[in-house]
Amino acid sequence: MNPRRKSRLSIIVFVLLGVAVAATLVLYALRQNIDLFYTPSEVIYGKNDDASTKPQVGQRIRIGGMVVAGTVQRDADSLKVKFDLNDIGPSVSVEYEGILPDLFREGQGIVAQGVLVQPTVLQASEVLAKHDENYVPPELDAQMQKVHKPMGVSDLKGESERDRQQIHTQEGQQ
Amino acid sequence: MIAELGNYALALSLAISLLLAVLPLWGAEKGNPQLMSLARPMTYGLFVSLSVAFAALFYLFAVNDFSVQYVVNNSNTSLPIAYRLSAVWGSHEGSLLLWIWLLTLWSAAVALFSKHLPQEAVARVLGIMGIITIGFLIFVLFTSNPFARTFPDFPVDGRELNPLLQDVGLIFHPPLLYMGYVGFSVAFAFSIATLMTGKLDTAWARWSRPWTMAAWIFLTLGIVLGSWWAYYELGWGGWWFWDPVENASLMPWLAGTALLHSLAVTEKRAAFKAWTVLLAILAFSLCLLGTFLVRSGILVSVHAFASDPTRGLYILAYLVVVIGGSLVLYAYKGSQIRSRDNYQRYSRESLLLLNNILLMTALAVVLLGTLLPLVHKQLGLGSISVGAPFFNQMFMLIMIPFAFLLGIGPLVKWRRDQVSAIRKPVLISLAVMLILGIFLPHFLHDQITVSAALGVMMAVFIVMLAGYELQQRATHRSGFFRGVGKLSRSHWGMLFAHLGVAMTVWGIAFSQNYSIERDVRMNVGDSVQIAGYEFKFQGISDANGPNYLGGKAQVEVFKNGKPETTLYAEKRFYTVSKMSMTEAAIDWGFSRDLYVALGESLGNGAWALRLYYKPFIRWIWLGGLFMAFGGLLCMLDRRYRFAALLNKGANANHHPGTSHE
């Protein structure tokens, strides 16, 4: 091997090594930071009624659902709050301590992110309302549309509402 | 009537852009000077015609013409005039019109400031920009026309602009960001034009560099403004959420930054040519991708877009045509580009190459994190979200070598250099950086976290070596002060931009690690201690506005028993859109922000309050402003004669037709 080729080979080996290290790091970081999304029914029955896909207690997940009317309970001395979420089936409870988003209300579609502390109880670290319902599945959406319209927010095609969400999704995610 | 005029102007623009896309390019191919000379007047015509359409939309909003659907959706009789006008780009249709108008503005600017370019190059560049315009005009005219009427049953009053957008930051944020997005079309057009001819000389890099710089400056300012807006308007106190929409603007920025550095090599050393061309294509493609992601909404909201998939599909198709077409051209012609790669392994060129590799890695990380949820869902694996910690971890890892390179890069000579030449200053900087990195966080906040120490180290390293570089450069031939006076504008620009990076890193390191965020329940008269500040809640008073009902919480802040400031955090309820909004109150500070946001009423006179202490958070945006200012200095460097051209261009503008070459 002449020196020129040798030097090229070493560059190639170096680049391949770099790529391998980078890929490993990315995959490792990804594994830890992907949060699966569930609806309340899926938390209880598993996805597509397959019980093996139920989330484990202790797992970090996101749950998207509607706040069940009449279930929001506040603690008298702190900012602790508890409410139920449902979709088309049974409901799960969410516990949260902190200030709820501006658009949180009963009957509203929200996404709660946190750790499952009991099979049907989520200890939420954040609660995202309305303008960040990125990952709400279509089944749930049908439900949400029914609730929104009577509140007078949606227009005929839902267009302005939708556009608002797009531009300003900077909203919410925290 | 005015709406029809606007619509007519849009149609006329489409006709002009069709001609612009065909005739000059055809002329350039055939060497026909008459056809080529049409490029400039047609570009001006296109700009005027779209300006008419744009002005028409302004007028419709100013008079609240509720027979126009778009006005109905975004305006209201009680909306103040300033927000009525900024509502023009408050939503989908109008912001697309803004996009196109800016595109023609850039085209007109190219036409105006390109007197020194060969006619053929101008004809090609303007023709390509015409092609881009066609795609967007068709999109607006056929799928999202802002001038669509509501006849026959038009409403008495409109809905209103989203309360979140009723803010001064949002008046300027979209135009700035779009100026950046669209500005990369110029670099793109230059690249494609060069690929068509196959003649890629350094003159090409010299022409397109100031344009790229201008686009990058606008993009930087747009991102800074958006981040700042998110911080004070959303009431969460966060400045970056790794949301798809933010990522959509960050990706072109990363590609654009890589492009600027690669263009420097191409201009000065005639190397990296093919790569630079590819980067220019990439940067603009990412701008289009960003528009697609935001406008089609497939990432933001699955449900909202099921009702109108045509828009998303159209942009996707357009994306495929533009990106695919330019890549095919690149594959076909790229091999003709010859670079003069005679540099050693340790040289400025190599370091800039590493800079590009790191920026591309960062870009890949953002792209992966943004698109993975989409791919995952399309493969039927269920919905997922990629959390912010993923991006944070990856960016920290990438920043470490990046900051190191940024520090030493400007000290290394082009072509070849010896490692030993800068061994001493680098070692001293490393030592100082280690000491300060551990000492400063401890001194300022009594505790050390790894990421804070790392951030401080990076900032210190960059600043020290920048100072050393300045001193070296200035004392190269003469005394320090004389030498400093002789440095070129682009050199100062580089210095400012790099110091801006250090400031941003410093701001991020402190605000991410030492912010104190407390959500508390307070009765009137209660007080809470945070970081040596005492926040005292004094009660709520009414604060109604023209289109909202509001309450204002008065919070007095004391430091060491002495009054520091009084903050008024507001909560507003917009009566038309029935949305609640939080207006945070922020006490601005050089080394810290105090932030109060009002939560909900908890009954019995108690309120939820969000009290934040955010050290050095301003530095994040200040650093961004430094970068943009540095960019401006580079753009105005004497060798581009840009400042002179601006004057000349302004003169030529007064006497159109006199200076056509």
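Let me begin with chain A, which contains 4 helices and 7 strands. Please bear in mind that we are looking at a predicted model. Along the sequence, the elements of chain A run α-β-α-β-β-β-β-β-β-α-α. Of the 174 residues in this chain, 39% are buried. If we take the contacts in chain A between residues at least 6 apart in sequence, 59% of them link residues at least 24 apart.

I turn now to the nonpolar cores. The largest has 191 residues, and B:Ile100, B:Val125, B:Ala187, B:Ala255, B:Ala283, B:Ile462 and B:Trp506 are those with the most contacts inside it. Which helix supplies the largest share of this core? That is helix H9 of chain B, residues 202–233, with 18 residues. Another core, of 46 residues, lies apart from it; its members include A:Ala112, A:Ala124, B:Val596 and B:Tyr612.

To return to B:Ala187, its contacts beyond four places in sequence include B:Ser208, B:Trp211, B:Thr212 and B:Ala215, as well as B:Leu259, B:Ala280, B:Ala283 and B:Phe284.

Finally, consider helix H16 of chain B, residues 423–445. Its 23 residues reach 33 Å from the first C-alpha to the last, close to the 33 Å expected at 1.5 Å a residue. Where is H16(B) kinked? The kink, of about 25°, is centred on B:Leu436. Buried positions in H16(B) are B:Ser429, B:Met433, B:Gly437, B:Leu440 and B:Pro441, and their cover includes helices H15 (388–408) and H17 (450–474) of chain B. After H16(B) comes B:Asp446, with a positive phi near 65°.

Definitions and conventions
Residues numbered from 1 in each chain as written. Chains lettered and ligands numbered in written order. Predicted model: local features only at pLDDT ≥ 70, side-chain atom pairs only at ≥ 80, totals over all residues. Core = buried A, V, L, I, M, F, W, Y, C linked by C-beta atoms within 7 Å. Buried ≥ 20, exposed ≤ 12 C-beta atoms within 10 Å, placed from the backbone. Helix = DSSP H or I, 4+ residues; strand = E, 2+ residues; numbered from the N terminus. Contact = placed C-beta atoms within 7 Å. Expected span 1.5 Å × (residues − 1). Bend = angle between axes of the 7 residues up to and from the residue.
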